[in-house]
Each structure stands twice: as structure tokens, then as C-alpha cells.
Protein chains: 2
Amino acid sequence: MISGKLNELPAREAAVKLARREIGCEALARACLERIAAREPGVKAWTHIDPDQVIAQAKALDAGPVRGILHGLPAGVKDVIDTCDMPTAYGSPIYEGHRPAADAACVGMARAAGALIMGKTVSTEFATSHPGKTANPHNPRHTPGGSSSGSAAAVADRMLPLALGTQTGGSTIRPASFCGVVGFKPSFGLVNRAGVKPVAESLDTIGLFARSVADVALLFAGVTGCPEVAEIAEVPAPRVGIWRGAKWPEALPETVSAVEDAAARVARAGARVSEVEVPGEFAELAKAHHEIEYFEMARGFAYEFEHHREKLSEKFRSRIEHGRHCTLATYCESLALADQCRKRLAALFSDYDVLLTASAPGEAPEGLANTGNSVFNRNWTLLQVPCINLPGFAGPRGLPVGVQLVGRFREDPRLLACAEWAFRKLP
Amino acid sequence: MISGKLNELPAREAAVKLARREIGCEALARACLERIAAREPGVKAWTHIDPDQVIAQAKALDAGPVRGILHGLPAGVKDVIDTCDMPTAYGSPIYEGHRPAADAACVGMARAAGALIMGKTVSTEFATSHPGKTANPHNPRHTPGGSSSGSAAAVADRMLPLALGTQTGGSTIRPASFCGVVGFKPSFGLVNRAGVKPVAESLDTIGLFARSVADVALLFAGVTGCPEVAEIAEVPAPRVGIWRGAKWPEALPETVSAVEDAAARVARAGARVSEVEVPGEFAELAKAHHEIEYFEMARGFAYEFEHHREKLSEKFRSRIEHGRHCTLATYCESLALADQCRKRLAALFSDYDVLLTASAPGEAPEGLANTGNSVFNRNWTLLQVPCINLPGFAGPRGLPVGVQLVGRFREDPRLLACAEWAFRKLP
């Protein structure tokens with residue numbers, strides 16, 4: 001019975017008990033494995049999970065000293081992130097059975113902080129669009145979102161408390177919204193990407209999943225190797241800007257009402273809430289994002305395109321072909337527009353502590369053939385600012401709907417503090 | 001006899017002859033192999049060179065269509081850059097015999113443009129300080145510089161016309177200066193880094209080696225997949241700013257006189273030359289560079305530090321230990337200083353087309369235990385601007401001394417055009 005509940009423990013609470021040796025890493029790991037055994041046939045969150053390997057790691061952690069702030073906490077790792085002891089196929093048949101020589105930086109840091117790497121979670125093809133097998137744990141006929149499909153679904157389904165993903169377009173915030181968990185895309189560059197299969201190096205960002213803001217902050221501290229950022233500051237009611245922007249008409253009613261309800265709730269709790277006047281140039285960012293992504297994909301996947309073209313999805317191939325025809329000048333213009341909008345955004349932030357906007361157009365769409373639309377995520381990824389999905393709302397079919405908070409560039413601890421404040425005010 | 005000279009052909013000239021089938025890829029490759037066979041025992045530029053593999057590639061290129069602008073041109077690849085068909089040990093015993101699953105993006109793009117990948121060139125330990133075996137081809141008792149030691153030495157020694165390296169501190173410009181070749185560090189991000197072992201992802205930049213500006217521009221066009229940048233525009237005499245900066249006292253007499261001689265020569269040819277007033281904050285960049293590099297190394301090499309600590313050099317380990325103790329706030333402050341100086345530099349550039357400065361303190365120091373000082377390179381790497389070493393001068397022992405031109409961020413074709421203009425005015 002105890003074991004059956006341990007997998008539901010918040011990561012922070014588990015971390016305290018593990019560090020005090022009140023519970024064992026093995027007991028926690030077994031509870032997670034039980035949940036996985038029961039639920040995986042429907043959810044299909046994993047590409048690799050080996051109970052013996054998990055238990056061996058847990059026993060080693062139990063036998064040794066407390067390693068760090070993640071000691072004994074089970075964490076899932078998206079299949080585009082290298083692990084030295086588990087296959088890593090980058091969501092592509094080209095790399096079936098591939099065994100990396102080393103752990104990615106974020107995995108190595110998580111392990112150095114004591115994390116127990118449970119296994120590899122399903123990614124779409126190279127963390128882009130072509131979906132994997134994962135279903136939404138709330139309703140298996142609906143997509144979990146992507147590309148970090150397995151990480152979001154596994155955390156949502158209480159298979160484990162923490163997971164690592166990535167975001168190049170909307171691959172962390174959107175699946176977090178669809179699955180009803182906290183998804184955090186830190187500022188560009190703050191979580192080291194060594195050992196993560198690149199999609200587009202100007203955009204790729206490590207994403208983190210947990211079931212609370214406090215837990216995602218703990219994971220952030222672990223993977224950055226900066227334990228001081230695990231502490232979430234208490235902040236006064238923040239100044240909140242509601243950001244609609246050019247794509248707002250694509251928000252479905254459940255998303256519009258989630259954002260407006262969230263705004264009303266934080267306003268009642270004392271936040272100063274106002275609408276942001278979005279500068280016109282931001283409407284061009286979506287196109288710039290595509291140009292940059294495709295240009296970089298065309299270079300980054302040169303080997304795969306030359307040697308394994310037939311194993312790439314048609315959509316993936318067509319993006320590479322698009323990118324191959326982009327000139328260096330056009331690519332640089334897109335990068336320059338992003339630089340310019342970053343400056344404008346930094347200036348706008350003098351009036352706000354956080355921005356409140358949509359995480360996704362609506363609840364998870366039906367069907368597993370498409371992981372949904374990243375329209376409310378791409379620009380923030382390109383702008384490099386930290387973003388977090390806060391769950392708490394629901395759509396017409398009862399599936400989760402989240403809202404997104406956006407913070408200042410490289411002020412991630414402050415965004416987390418504001419998000420923690422807001423999280424307690426949401427349903 | 002013909003074969004014996006082909007290895008000395010400028011890349012552009014060879015490319016024209018190869019594309020017209022006036023010379024064969026195989027003949028050119030054999031000429032390079034002959035040179036390597038004769039000189040490698042002294043120079044030690046290579047970690048992997050397999051004549052059969054080279055000839056097989058050459059025959060395949062000769063048998064097929066002209067693939068692109070690098071068709072048949074032999075290129076060396078630094079050992080920190082992945083190749084799918086050659087061992088890649090990242091300059092470290094940890095990875096002895098390692099075989100990557102794929103080509104790095106720059107290798108894949110070079111191959112797609114027709115380049116013949118000759119082999120892997122010596123790198124220092126993970127492209128940092130601990131030296132490899134390579135000697136300076138001008139005098140084997142002197143360092144070739146590093147970390148791209150083998151690439152610089154092989155091109156200088158006419159073993160082949162083109163080579164790929166990297167620069168995180170001064171790993172392209174410095175060895176180019178010490179070996180007497182053109183070394184080009186493009187703007188940060190313009191040459192895709194997928195498949196290059198990361199040292200510090202905010203700093204790592206692909207570097208290119210050739211024996212002329214025109215040839216390095218051709219290679220740049222090949223690895224970016226942007227053939228249009230192979231064309232070097234004719235420019236009027238540029239406005240040249242002489243940049244001394246806080247570290248100028250570390251320039252040895254041969255470097256001071258090379259920079260001053262270069263300034264006098266371009267001034268005589270019509271360039272408007274003036275001294276730049278270097279803002280005081282730039283003096284802090286060297287410290288910021290170290291903080292950023294060590295912070296990122298500590299994360300990026302988490303796996304190696306945990307599992308193979310004894311195979312890391314003492315200096316490498318101590319950098320990781322330094323980086324582990326840096327807080328996220330300190331790291332972000334260093335990044336913010338760099339952002340601020342980038343803005344200042346962009347404003348300064350309104351008065352200049354290029355900056356003229358030192359490439360290295362002086363000619364290559366004696367001894368192979370140390371690859372020299374990157375004091376005149378680190379800041380430019382951090383500032384992300386394109387830099388090029390132009391050879392042409394000499395030190396007291398007759399070893400090469402180069403000067404460095406620095407261009408505006410992401411205006412690499414313009415820097416190359418100004419460099420081509422200046423290159424013709426130097427001795």
C-alpha cells in the first residue's frame with residue numbers, strides 16, 4: 001500500500017524523506033515501476049524502461065551517501081537526450097538501438113545530484129512533428145502533445161515525479177498543457193545542451209516537467225548544478241501583462257476563458273493586471289522562427305538527409321529542402337529580427353513582472369497523428385525568455401488546459417517565484 | 001612531378017580544374033597523401049589518416065557527378081568534430097577509438113558540397129589547453145598553437161588546402177598565426193555545430209583554415225551550404241580601426257610591429273586608419289569569458305568528470321571544479337556583460353568597416369608543452385564577431401606572425417571582402 005502511493009509523492013517531499021532515509025530509493029522506484037507496469041500499455045510513454053536497471057541504480061543510491069538535491073528522485077529522459085547506459089534513438093528509425101558514448105550534460109548533472117534515471121521517454125521524430133506512439137493519459141484517443149510526448153504523459157500519469165524534455169517550437173509548454181502538468185522552458189542557454197541531438201541550435205532548449213512549480217524548480221536546480229535556485233523566493237503580488245498578440249484568434253474558447261479566468265483570479269489576489277500592447281513587428285516572428293528552424297535543420301541533419309533520406313518523414317524532408325534553399329542573408333535577417341524583438345520585449349518588461357498568455361490553442365486535439373499546434377510557443381522560444389505552463393483548467397471534453405507565464409530573459413528564478421505565487425491562486 | 005605540385009594548388013584553382021575534370025580528385029588526393037607521408041613524421045598533424053579510405057572517396061568523386069563547390073577538394077577535420085567513418089577521440093584518451101554514429105553538420109555539408117574528407121587532425125584535450133603531439137611545421141621545436149593544432153599545421157605544411165577547426169578561446173586564430181595560414185572564425189552560430197563535441201556552448205565556434213582569404217571563403221560557403229557567399233565582393237579601401245585594448249602590453253615586439261606595419265600598408269593603399277578608443281568595460285570581458293567557459297565546461301563534461309576523472313588533465317579538472325562552484329547569478333552576470341559589450345561594439349562599428357588587432361602575443365613559443373596564449377582572441381570569441389588571421393609577418397626566429405581583422409556581427413561576407421582587400425596589401 002505504501003509503495004502504491006509513493007509514486008504520487010511530490011518530488012520535494014520525497015527528496016526530504018529520501019535524504020533523511022525515511023524512505024528508500026528502491027521503494028520509491030518500485031512504486032513508480034508498478035505504476036508504469038499498470039499504465040504503460042495504454043499510455044505508451046516509454047521507449048526504454050528496464051526494471052532491473054532501475055532497481056540496480058536505486059540500490060546503489062540507497063547504499064551510498066546522499067548525492068545531492070535530487071537524491072533518489074526518479075526522472076524520465078526524452079529520447080533525444082543522450083544516456084550512456086540506455087538506447088537513444090532520437091525518435092527516428094535511423095538511430096534504432098543507438099547507444100551514445102556518454103550522458104548528456106543535463107543527465108550527467110541530474111545524476112551527479114542523485115537523480116535516478118528511470119528510462120527514455122517517447123519523442124516525436126527528432127523532436128519535430130512526426131508523432132510517436134504516446135497517448136494522452138487523460139484520454140488515450142487524444143494526443144499528449146509533442147515533441148516531449150512521453151515525458152509530459154509519464155509525469156501527468158504519476159509514473160514518476162520528474163522528466164526532461166526539449167523545446168524548439170512548443171515541445172515542452174504544449175504537451176504540459178495537454179497533459180495537465182507544469183512544464184518549464186528555461187531561458188535559452190541556462191541548461192547546458194551538450195549531448196542533446198540538435199534540431200536548430202538557435203532555438204533548442206531543455207524543458208522540464210513536474211507536477212508543481214516547486215518541483216520543477218528543484219529539477220532546474222539539479223540540472224543546472226546550481227542548488228541555490230531550488231529555493232523559491234516569496235514575492236509580492238506581481239504585475240501581470242496579458243499578452244494576446246497576432247495569433248490570438250487561434251485560441252479556442254477554453255483557452256481564452258482559462259487565460260481570462262487566471263487573470264481574474266490573480267487580480268483578485270492582488271496582482272496588477274493589464275493588457276500588453278504588442279508591437280507590430282512581433283507578428284513577423286513566426287515566419288522568422290520557421291526560416292531559422294529550417295535553415296538550421298538543413299545543416300544539422302546533413303548526414304541523415306544524405307544517408308537515410310528514406311527513413312525521414314515526408315514533412316521532415318520537406319523542411320530540410322526548404323532550409324537548403326535559404327540564403328545566408330535571409331537567415332541572418334531572421335536572426336536580426338529576433339534580436340530586435342528581444343530588445344523590445346526587454347523594454348516592455350519594465351512594466352511587468354510576468355506575462356500571461358496561452359499555452360496552446362485549446363485542450364488536446366483528438367487523434368494521435370498530430371501533436372497539435374505550437375502557435376503560442378514558437379515566438380517565446382525564439383525570444384529565449386523563460387516560460388512555464390501552469391495547469392488547472394479544462395476544455396469541453398474535460399481534458400486539461402493550461403496557461404503560460406513568461407518571464408524576463410535569464411531571470412528564471414524570478415519567473416519561478418511569480419509562477420509559484422500564481423499557481424496557488426489557480427483552480 | 002605534376003602530382004607532387006597539386007597539393008600546393010590554391011583551393012579555388014583546384015576547384016575549377018576539378019569541376020572541369022582537368023584534374024582528377026584521385027590525383028589531387030594522391031599528391032596530398034604523398035606530402036603527408038613525407039612530412040607527417042615530423043609534423044604529426046593527424047590522429048587518423050587512411051590512404052585507402054582517401055583513395056576510395058576520391059575514386060567515388062571522380063566516378064560521379066560534380067557534387068558542389070568543394071568537389072574533390074581535400075579537407076582535414078579536427079578530432080573534436082564527428083565523422084561517421086573515422087574515429088573521433090575529441091583529443092582525449094577517454095574516447096580512444098570512439099566511432100560517432102553520424103557526421104557533424106559541417107562535415108556533412110562539406111561532403112554534400114563535394115569535399116573529400118582526408119582524415120582527422122590533432123586537437124588538444126577536448127579543444128582546450130592540454131596539448132596534442134603536433135609540431136609547428138616551420139620549426140618542430142615550436143608549438144603550432146592550439147587547440148586546432150593539426151588543422152593549422154597540415155594546411156600550413158601544404159598537406160592539403162582546407163581544414164576545419166573550432167574556437168572557444170583562441171583555437172583558430174592563434175594556431176593560424178603561429179603556422180602562417182589564414183584562419184577564419186565566423187560569427188557565432190553561422191556554421192552549424194551539430195556533432196561537434198561541446199566545450200562551452202556560448203563560445204564554441206567552428207573555425208576554418210586555408211592559405212588565402214579566397215580559399216577560406218570557399219570553405220565557408222561549403223560548410224554553410226550557402227554557395228552565394230563564395231563570391232567575394234570588391235570593396236573600396238575600408239575604414240580600419242586599430243584596436244589595442246587592455247591586454248596590449250602582452251603583445252611582443254614582433255606583434256606590435258606587424259600590426260603597425262599592416263596599418264601603414266593599408267593606409268598607403270587608401271584605407272582610413274585610426275586608433276579605436278576602447279571602452280573600459282571591455283577589460284572585464286576576459287574574466288567573464290573564463291567564468292562562462294568554466295561554468296559551461298562543468299556542465300558539459302559532467303559525464304567525463306564523474307566517470308573518467310583520472311583521464312582528464314589536471315588543468316581540465318581544476319577548470320571543472322572552478323565552474324562547479326559558480327552560481328547561476330554569477331554566470332548570468334558574465335553573460336550580461338558580454339551582451340552589453342556586444343551592443344557597445346556594434347555602436348563603435350559605425351565608424352569602422354573592420355578592426356585591426358593582434359592575432360597572438362608573438363611568434364609561436366618554443367616547446368610543445370604549451371600551445372600559447374589566447375589573450376588576443378578570447379574577447380572576440382565571446383563577442384561573437386567574425387575574425388580572420390592574415391599571415392605575412394615574421395618574428396625574431398623567423399616564425400610566422402599574423403594580424404587579426406575583426407568584422408561586424410553576422411556581416412561575415414563583408415569582413416571577408418575587406419580581408420581580401422587587405423591581404424593583397426600585406427607582405
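Select Arg408(A) to begin, and you will find it in the loop between β11 (400-406) and α15 (412-423) of chain A, where helices (H or I, at least four residues) and strands (E, at least two) are DSSP runs numbered from the N terminus. This is a predicted model, in which local features need pLDDT of at least 70, side-chain atom pairs count only at pLDDT 80 or more, and totals for chains, interfaces and linings use all residues. Residues are numbered from 1 along each chain as its sequence is written, while chains are lettered from A and ligands numbered from 1 in the order in which they are written.

Stay on Arg408(A) for a moment: is it buried or exposed? Arg408(A) is buried, because 20 other C-beta atoms lie within 10 Å; a residue counts as buried at 20 or more such atoms within 10 Å of its own, as exposed at 12 or fewer, and as partly exposed in between, with C-beta atoms placed from the backbone. Leaving aside residues up to four places away in sequence, Arg408(A) touches Phe349(A), Val385(A) and Arg414(A), contact being defined by C-beta atoms, placed from the backbone, within 7 Å.

Next, move to chain B and select α15(B), a helix that is mostly covered, with ten of its twelve residues buried. Among those buried are Asp412(B), Glu420(B) and Trp421(B), and the elements that cover the buried residues include α8 (213-224), α9 (253-268), β9 (354-358), β10 (387-394) and β11 (400-406) of chain B.

Now display the contact between the chains, which takes 37 residues from chain A and 37 residues from chain B. On the side of chain A that touches chain B, α5 (105-112), α10 (285-300), α11 (302-307) and α13 (328-348) each supply at least two residues, and the largest share, five residues, comes from α5(A). Because 100% of the interface residues of chain A are also interface residues in chain B, the copies meet through the same surface.

As for confidence, the predictor gives the complex an ipTM of 0.98 and a pTM of 0.98, and chain A has a mean pLDDT (the predictor's confidence in each residue, from 0 to 100) of 97.

Definitions and conventions:
Contact = placed C-beta atoms within 7 Å.
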